[in-house]
2 protein chains.
Amino acid sequence: MAGTDHTREQAEIDGPAIILVEPQLGQNIGMVARAMLNCALSDLRLVRPRDGWPNTQAVAAASGADIVIERARVFESTADAVADLQTVYAATARPRDMTTDVLTPREAAARLRGGARSGLRAGVLFGKESKGLTNDDVSLADAVLMVPLNPAFTSLNLAQAVLTLGYEWFIAEAGAVDAELAVPKETRPANKAELGGLFEHLEDELEAAGFFHVREKKPIMVRNIRNVLQRARFTEQEIRTFRGIVTALSRARRKDGESG
Amino acid sequence: MAGTDHTREQAEIDGPAIILVEPQLGQNIGMVARAMLNCALSDLRLVRPRDGWPNTQAVAAASGADIVIERARVFESTADAVADLQTVYAATARPRDMTTDVLTPREAAARLRGGARSGLRAGVLFGKESKGLTNDDVSLADAVLMVPLNPAFTSLNLAQAVLTLGYEWFIAEAGAVDAELAVPKETRPANKAELGGLFEHLEDELEAAGFFHVREKKPIMVRNIRNVLQRARFTEQEIRTFRGIVTALSRARRKDGESG
């Protein structure tokens, strides 16, 4: 058993935000809040909850985890919900057709704890009960979280999925050193708003350059580009460098266009 | 991530029975069944479910884990429900005033897997939602299971408590060697019916001998005696030896009584 001091120290470290994307049932949101507080997590974020917010069924199902419900914040988009975070994992029940790390809850928890000790802000995305996360949501994440349970019956209740991660987070011992931490002191890992700024800048310039001339392929092309850059784990400094590169390349292209 | 073969091998080993003592809400029984099947557990036992059995709310909440619901068995007493088991753990939210091992879900899972590989039959007791297990129920167990979560909010939903154990069971690597396994080949660990037989035999003789003359203290005295003997981890052979001892001692006492 973990001793009391150990437990207290763990509870004091800021845990990851839990981000529910388009949750359907208020009862499930409440049960997630309860599971979060069981694991000393308190930062609940809701992206377009189906039945609006606040939700009385959520309060009832939270069984006393009122503080999590009261502090919950609602966002219009997944990108908005993760804008301030530096590490984001996406919980999915099945592998996606993307090149990305796949972590178990235990592996994710060790990395999250290591990151939290270094002051990184993190969050985990959970999709709607019926369908999970969209590929666009997953493409916002640094890695995928999969709970390795019975392959013959993987249908995991939303609160149960949150609990496996929260439980591992709570009991995680000294966190594994994550590659994300090997960052020079004069900079820091980029947050998702900064990364999103680079994406939009690049995509706007690609659009202007006619790169997306096969219109129906644009969404998948955008996702693939974002997926590659996501994996690069940019620092804030590198984001500025790359935005400079995009600007410079675009200027050259425009000059060519003027002179051509 | 665990590979497929590894996962399949794990799912084929018989997992522990999950024994719900006086569960109150059908919905919770259903969510437990779902969590069990997520973890490839299928032996659900119910002791005096409040709303009877079968229960339509349990079926609805099981979300497809019908096989667990259909196979669930109902028992009149906790002792009956564990009679065929050789290892029993009792899940409690708080420490009890008993001298017994306290295991985390991870420790319990490692022992259970080690035991299952050796053919031992095991189960875990979970109490009613409102109050947990009685001390008498706990005294039937070899060890106590406590989920080491947020001490400031320990109220864990029944299905969540089952999930932490089931999740650890499912992903447990090569089980720790449990002291229970160091048993000579010519015998085997006693099951709870055999142990219960010894308890009753001993208590009957103690009663006849006037040992319980302070009537109001009998329940706590019985519990303490059972608790001590429970910890001894009897083999079937030792049960027979001890019943012989009780018989022999009683015979001597009776002879004294006759001659005195």
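A quick word on labels before we begin: a helix here is a DSSP run of H or I with at least four residues, a strand is a run of E with at least two, and both are numbered from the N terminus. Also keep in mind that this is a predicted model.

Let's begin with a loop in chain B. Arg48(B) sits in the loop between β2 and α3 of chain B, and its phi is near 45°, a positive value in a residue that isn't glycine. Pro54(B) is found in the loop between β2 and α3 (56-61) of chain B.

Pro54(A) lies in the loop between β2 (44-47) and α3 (56-61) of chain A.

**Helices packing within chain A**

Two packed helices are described by the angle between their axes and the distance between the axes. Take α2 (residues 26-38) of chain A first: this helix packs against α8(A) at about 20°, with the axes 8 Å apart. Angles under 35 degrees count as roughly parallel, so α2(A) and α8(A) are roughly parallel to each other. Their crossing is right-handed. On the α2(A) side, the contact uses Asn28(A), Met31(A), Val32(A), Ala35(A) and Met36(A), which meet Leu158(A), Ala159(A), Val162(A) and Leu163(A) of α8(A). Sorted by class, this contact has 8 nonpolar residues, 1 polar and no charged ones.

Further along, α9 (residues 192-208) and α10 (residues 218-231) of chain A have axes that come within 11 Å and cross at roughly 135°. That makes α9(A) oblique to α10(A), and the crossing is right-handed. Residues of α9(A) in this contact include Leu195(A), Phe199(A), Glu200(A) and Glu203(A), and among their α10(A) partners are Lys218(A), Val222(A), Ile225(A) and Arg226(A).

**Where the chains meet**

On to the interface: 39 residues of chain A are in contact with 39 residues of chain B. About 3200 Å² is buried between the two chains, and carbon and sulfur atoms give 62% of that area.

One piece of this is the meeting of α8 (residues 158-171) of chain A with α8 (residues 158-171) of chain B, whose axes come within 10 Å and cross at roughly 70°. Since the roughly perpendicular range is 65 to 115 degrees, α8(A) and α8(B) are roughly perpendicular to each other. α8(A) passes α8(B) in a right-handed crossing. The contributors include Leu163(A), Tyr167(A) and Ile171(A) from α8(A), plus Leu163(B), Tyr167(B) and Ile171(B) from α8(B). The contact of α8(A) with α8(B) divides into 8 nonpolar, 4 polar and 2 charged residues.

| Helix pair | Axis distance | Angle |
|---|---|---|
| α2(A) and α8(A) | 8 Å | about 20° |
| α9(A) and α10(A) | within 11 Å | roughly 135° |
| α8(A) and α8(B) | within 10 Å | roughly 70° |

**Salt bridges**

How many salt bridges cross the interface of chain A and chain B? The rule finds 2 there. Arg106(A) forms a salt bridge with Glu168(B), the closest N and O atoms being 2.9 Å apart.

Over all chains, the structure holds 34 salt bridges. Among these, the side chains of Arg73(B) and Asp43(B) pair up at 3.2 Å, N to O. This pair ties together distant parts of the chain: Arg73(B) is in strand β3 (residues 73-75), while Asp43(B) is 30 residues away in the loop between α2 (26-38) and β2 (44-47) of chain B.

Definitions and conventions:
Residues numbered from 1 in each chain as written. Chains lettered and ligands numbered in written order. Predicted model: local features only at pLDDT ≥ 70, side-chain atom pairs only at ≥ 80, totals over all residues. Heavy atoms only, no water. Axes fitted to C-alpha atoms, helices over the stretch in contact; angles between N-to-C directions. Parallel < 35°, antiparallel > 145°, perpendicular 65-115°, else oblique. Left-handed = near helix turned anticlockwise from the far one by under 90°. Contact = heavy atoms within 4.5 Å. Buried area = accessible area lost by both parts, 1.4 Å probe. Salt bridge = Lys/Arg side-chain N within 4 Å of Asp/Glu carboxyl O. Nonpolar A, V, L, I, M, F, W, Y, C, P; charged D, E, K, R; others polar.
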